[in-house]
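Reader: I'd like a close look at just one part of this model. Could you walk me through it in one go?

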Amino acid sequence: MNDKPFSDTSYQQFLSEEKIMGSKCRKCGALALPPRPICISCLGSDMSWTQFNGTGQLAAFTCISVAPPHMAREGFGRNNPYVVGVVELDEGVRSVARILGVDANKPDQIKVGTSLKAEFLEKGEGPDKHTSLVFRIVPPRS
Ligand SMILES: [Zn+2]
């Protein structure tokens with residue numbers, strides 16, 4: 001696994017194996033998700049792979065009713081908005097992803113700080129298969 005380039009292609013390959021892999025700078029320890037070949041903190045290029053456990057908290061969100069074409073094809077839009085959030089992962093890295101388990105028509109019920117867990121959303125078949133990283137609200141413990 002260590003010989004993979006720190007690219008979006010490698011990131012996608014790991015996602016299809018249901019692994020969330022980012023890069024870690026060997027020099028300063030900064031993490032990046034998706035992985036980057038150059039450290040965003042010290043600009044070093046000595047990186048290693050690190051696996052994220054996929055849990056975190058909602059840091060910010062937006063409800064999207066003007067869908068980009070690939071989402072519009074799935075039926076999202078003005079009458080069926082969806083939620084995209086900034087997720088603060090437990091490892092301290094922020095990632096932007098779709099948030100599931102929330103009602104995009106009721107943004108007042110979506111709370112920043114809510115616990116989230118990663119899910120792997122698969123679309124398409126065969127060579128068109130694409131896995132995206134999404135996050136689902138973890139129901140509060142009762
Ligand atoms: Zn660094």
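Which residues are the protein donors of the zinc ion?

Author: Keep in mind that this is a predicted model. The zinc ion takes its protein donors from four cysteines: Cys25, Cys28, Cys39 and Cys42, each through its SG atom, at 2.3 to 2.4 Å. Seen from the zinc ion, those four donor atoms subtend angles of 104 to 117°, so the arrangement is tetrahedral; for that label, all angles have to lie between 85 and 135 degrees. Read along the chain, the donors follow the pattern C-x2-C-x10-C-x2-C.

Now pick out Cys28 and Cys42. Cys28 sits in the loop between strand 1 (20–25) and strand 2 (31–32), while Cys42 belongs to the loop between strand 2 and strand 3 (47–52), so this pair ties together parts that are 14 residues apart in sequence.

For a contrasting bit of the chain, have a look at strand 8 (residues 130–137). Six of its eight residues are buried, so strand 8 is largely enclosed by the rest of the structure. Strand 6 (residues 94–100) runs parallel to strand 8, joined to it by three bridges, and Leu100 stands opposite Arg136 there. Strand 7 (residues 115–123) is antiparallel to strand 8, with eight bridges between them; Ala118, for one, has Phe135 as its bridge partner.

Note on methods: Residues numbered from 1 in each chain as written. Predicted model: local features only at pLDDT ≥ 70, side-chain atom pairs only at ≥ 80, totals over all residues. Heavy atoms only, no water. Donors = N, O, S within 2.8 Å, 3.2 Å for Na, K, Ca; no water. Tetrahedral: all angles 85-135°; square planar, octahedral: opposite > 155°, others 65-115°. Helix = DSSP H or I, 4+ residues; strand = E, 2+ residues; numbered from the N terminus. Buried < 20%, exposed > 50% of the residue type's maximum accessible area, 1.4 Å probe, protein only. Pairing = 2+ DSSP bridges.
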